[in-house]
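Please read each point alongside the coordinates.

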Amino acid sequence: MKYFENTYCSKPFGDFEISPDGMVHVCCPSYLKQPIGNAFEIEIDTLLSSNPLKMTHESMVEQDYRFCSWTECPAIREKLGSFEENLSEDMFEYNVKDVRLSYDPSCNLWCPSCRGEKCIVRGEQRDKVMDITFKTVIPLLKSAKSLVMNGYGDIFAARSCRAIMEELSSKNAPKLQYDFITNAVLFSEDNWNKYHNLHDMVNSIRVSIDASKKETYDKVRLGGDWEKLMTNLKFISRLRKNGVIKNFMISFVVQYENYLEVVDFAKFGIKLGCDQIIFENIMDWNVLERPDFLMQAVHYPDHLNHKKYIDIMQKLAEIKPQDMLVGSAINDIKER
């Protein structure tokens, strides 16, 4: 008897993600590592009929999930969908519904935990980025339901993101809802008002901050501007209160430089009227030298400050309501 018999996962039949290297995935790359091809090298029609995509879909049809990370995927760890409950004529047809974009690294900040220097794509790289934006991404988005961008840069710093925001509206992409990830330094009222066409299309705005005071922000968010950020956060908060956007989130990458500020950050998010406050442990993106990363990874049990980190994080249990606080750092504490 198959372990996954009578189960169903819809992700690989609707997801479309372009990673920083151009690789296209039909689920989160952490959970389904096999890409279906490279958007910088392969035309969209070829991608959507590729052998890797066919093999991935076969693994879902045959219910063996052979390309999936069984121990990592939350759907597999918790509970996959029921085959019978999802039974329909199109359950095994691939239609791009949920798109995530991180192929344009252009950003106005260069945070030490993410990259070593400021990056704005130029020249040949910019041409490649813009080529797939117009040939692949925008046509797909016209029939998609959701778009997460930018997972690797900033929506206002990346020319490709600005092009998408200029080209799409509820008229030519009637089902599309945006989920923005931004550092918000450029998310001013003036910039927002340049894109009236998408004001009715924004589901969520997630702002990466990583600090609750200017002194720390200046260390962990190089190139940022604390005063502009505070002004723009108040503006985004007004958008949420007025119902222009449906969800407002702020996020905090927990590391040695800032872990003492997690409680103040949570209180700050509540004051802003956020729907969620996200605490993620720092990850090793091979940007920092290994000793430098280990110095920042205060969540590692062998870190000299780990006990203090645990004590500080557990104080978040006093913050109400608890369901506002999410992320890997929160999960670590809840599992203790």
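**Notes on the predicted model**

1. The side chains of Asp64 and Arg66 meet in a salt bridge, with 2.6 Å from N to O; a salt bridge here is a side-chain nitrogen of Lys or Arg within 4 Å of a carboxyl oxygen of Asp or Glu. The model is a predicted one, in which local features need pLDDT of at least 70 and side-chain atom pairs count only at pLDDT 80 or more, whereas totals for chains, interfaces and linings use all residues. Residues are numbered from 1 along each chain as its sequence is written, and side-chain values use heavy atoms, with hydrogens and water left out.

2. Arg66 also forms a salt bridge with Glu58, where the closest N and O atoms are 3.8 Å apart. Relative accessible area is classed as buried under 20%, exposed over 50% and partly exposed in between (1.4 Å probe, protein chains only). On that scale Arg66 is partly exposed at 39%, Glu58 is partly exposed at 38%, and Asp64 is partly exposed at 25%.

3. The structure holds 12 salt bridges. Another of these pairs Lys135 with Asp131, the closest N and O atoms being 3.3 Å apart. The two residues are 4 apart in helix H4 (residues 123-141), so about one helical turn separates Lys135 from Asp131. Helices (H or I, at least four residues) and strands (E, at least two) are DSSP runs, numbered from the N terminus. Asp131 is partly exposed, with a relative accessibility of 34%. Through shared partners, salt bridges join Glu58, Glu62, Asp64 and Arg66 into one network. As background, side chains of opposite charge can pair when their charged atoms come close.

4. Which residues form a nonpolar patch on the surface? Met283, Trp285 and Val287 do, with about 320 Å² of accessible area together. Patches are made of residues with over 30% relative accessible area and no salt bridge; like charges are joined within 9 Å, and nonpolar side chains (Val, Leu, Ile, Met, Phe, Trp, Tyr) within 5 Å. The areas come from the Shrake-Rupley method with a 1.4 Å probe, and for residues only the protein chains shown count as cover. Trp285 lies in the loop between strand S11 (276-281) and helix H10 (290-296) and is exposed, at 54% relative accessible area.

5. Asn286 is found in the loop between S11 and H10. Its phi is positive, about 60°, although Asn286 is not a glycine. Asn286 is exposed, with a relative accessible area of 70%.

6. Asp210 likewise has a positive phi, near 70°, in a residue other than glycine. Asp210 sits in the loop between strand S9 (202-208) and helix H7 (214-220). Is Asp210 buried or exposed? Asp210 is buried, with a relative accessible area of 1%.

7. The bond from Met149 to Asn150 is cis, with omega near 0°, and Asn150 lies in the loop between strand S7 (146-149) and helix H5 (159-167). The bond from Lys320 to Pro321 is also cis, with omega near -5°; Pro321 belongs to the loop between helix H11 (306-314) and strand S12 (325-326).

8. The largest nonpolar core has 86 residues, and those with the most contacts inside it are Ile164, Tyr178 and Phe279. A nonpolar core is a set of buried Ala, Val, Leu, Ile, Met, Phe, Trp, Tyr and Cys residues joined through side-chain atoms within 4.5 Å. Leaving aside neighbours within four places in sequence, Ile164 is in contact (heavy atoms within 4.5 Å) with residues including Leu101, Tyr103, Val137, Met149 and Tyr178. Apart from this core lies another, of 14 residues, among them Tyr8, Met60, Cys68 and Leu80.

9. In H11, the buried residues include His306, Tyr309, Ile310, Ile312 and Met313. Seen down the axis of H11, the buried residues fall within an arc of 165°, so they line one face of the helix; the arc is that of the directions from the helix axis to the C-beta atoms. These buried residues pack against strand S10 (247-254), helix H9 (262-272), S11 and helix H12 (328-334).

10. Asn191 lies in helix H6 (residues 189-192) and is buried, at 17% relative accessibility. Not counting residues up to four places away in sequence, Asn191 touches Phe156 and Leu186.
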